[in-house]
Amino acid sequence: MTSKITHGTAISVFIVCFIFVSVTLNVDRSWSKNDRRRMSSKGSLKNSVTIADGQMYEIMGSTPLYHDSNHFTQGLTYSNGVLYESSGMYDRSTVCQLDPNTGKSNKCVSLSSEYFAEGIQVYGNPGEEKLIQLTWKSRKGFIRDAETLEEISAFTFSTTMNQGWGICWDKANNEFIVSDGSSYLHFWDVETLKEKRKVLVKRQDSSSSKMLNELEFVDGKILANVWYSDVLLVIDPVTGYCEKEYDFSTLYPRKDRMQDHAGVFNGISVSDEEGVIFVTGKYWDRMYKVKLLEKIQEPETSNEDEHENNEETNGAQALDNGDNSSETASS
């Protein structure tokens with residue numbers, strides 16, 4: 001009887017010690033795993049939107065807004081209740097103020113017939129806002145009064161292709177960001193309009209992104225159209241990497257556009273609604289307000305995590321076996 005009690009007591013002590021050590025190790029492992037995941041969350045979470053994901057945007061409203069189908073849209077920009085549009089083609093180029101609630105033009109000013117209008121951006125302090133507008137091959141741009149649309153001054157510029165395509169404004173860094181149909185984005189000082197640097201843009205498949213067109217700056221990222229592609233890229237302005245690539249091929253399908261004599265997807269602007277942007281295209285009779293959606297997945301389990309999980313499972317099984325042994329010894 002005494003030996004049975006001594007034997008049972010020894011087993012009980014062993015089990016208590018085993019539980020203490022296991023719990024201690026598990027707490028340490030749990031902290032280590034959480035700490036590692038916190039440290040590397042950007043790399044482990046598969047939240048990059050890709051073309052293969054299909055439609056990853058929500059159309060706001062039941063019907064699209066009006067858009068003048070005579071406008072060869074080169075740029076959209078919004079501020080203080082006014083949407084501005086730059087429309088291209090020689091002898092037909094204009095800059096217009098649009099009603100953001102309807103899409104209809106309130107006022108337009110024509111450019112000289114020698115200029116092919118391109119991207120446009122509103123900038124400056126409220127009440128003193130201006131527009132900067134590029135032209136295609138003339139290597140010339142214009143600063144305009146945002147209220148009257150009248151020209152204040154003109155300037156010359158150079159880029160990789162010596163062309164102007166799209167332009168947006170990074171207010172925090174006081175920089176204009178310019179595309180020219182190449183794979184580069186050019187960063188200009190707002191005051192001098194001189195290039196400070198340029199960044200090569202890489203797609204998610206590591207290829208260079210050619211034909212970068214209309215641009216918009218949203219939440220520290222650059223949104224970009226691509227000439228003759230129904231995509232919208234989200235680009236890191238420091239690295240040039242496309243963090244997200246949105247497929248817009250179903251917004252206004254190409255076969256329908258051909259029947260309507262509409263052109264390519266081009267035109268992006270912020271709106272007065274958080275997370276909502278305006279999008280349209282060349283010679284489109286419609287303009288949309290959309291919200292880009294995010295894709296968040298659970299982090300992939302690493303080999304190290306699997307190893308730790310197996311250890312925890314084995315530990316739990318050992319505890320169960322210890323409990324069974326204890327019951328047998330005390331019976």
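Predicted model: local features only at pLDDT ≥ 70, side-chain atom pairs only at ≥ 80, totals over all residues.

Student: What is the order of the strands in the open sheet?

Tutor: Strands of a sheet pair through backbone hydrogen bonds, either parallel or antiparallel. Here the order is β11-β12-β13-β14, with antiparallel pairing. Strands are DSSP runs (E, at least two residues), numbered from the N terminus; two of them pair if DSSP finds at least two bridges between them. The edge strands, β11 (167–170) and β14 (195–200), each pair on one side only.

Student: How many bridges join β12 to β13?

Tutor: Five bridges join β12 (residues 175–179) to β13. Phe176 stands opposite Trp188 in β13. Four residues lie between these strands in their hairpin, where Gly181 has a positive phi near 90°.

Student: Which residues of β14 are the bridge partners of Trp188 and Phe187?

Tutor: Trp188 has Glu195 as its partner; Phe187 has Arg197. Strands β13 (residues 184–189) and β14 pair over five bridges. Their hairpin has five residues between the strands, and Leu193 in the turn has a positive phi of about 60°.

Student: Is Ser110 buried or exposed?

Tutor: Buried means under 20% relative accessible area, exposed over 50%, partly exposed in between (1.4 Å probe, protein chains only). Ser110 is exposed, because its relative accessible area is 56%. Ser110 lies in β6 (residues 105–110).

Note on methods: Residues numbered from 1 in each chain as written. Heavy atoms only, no water.
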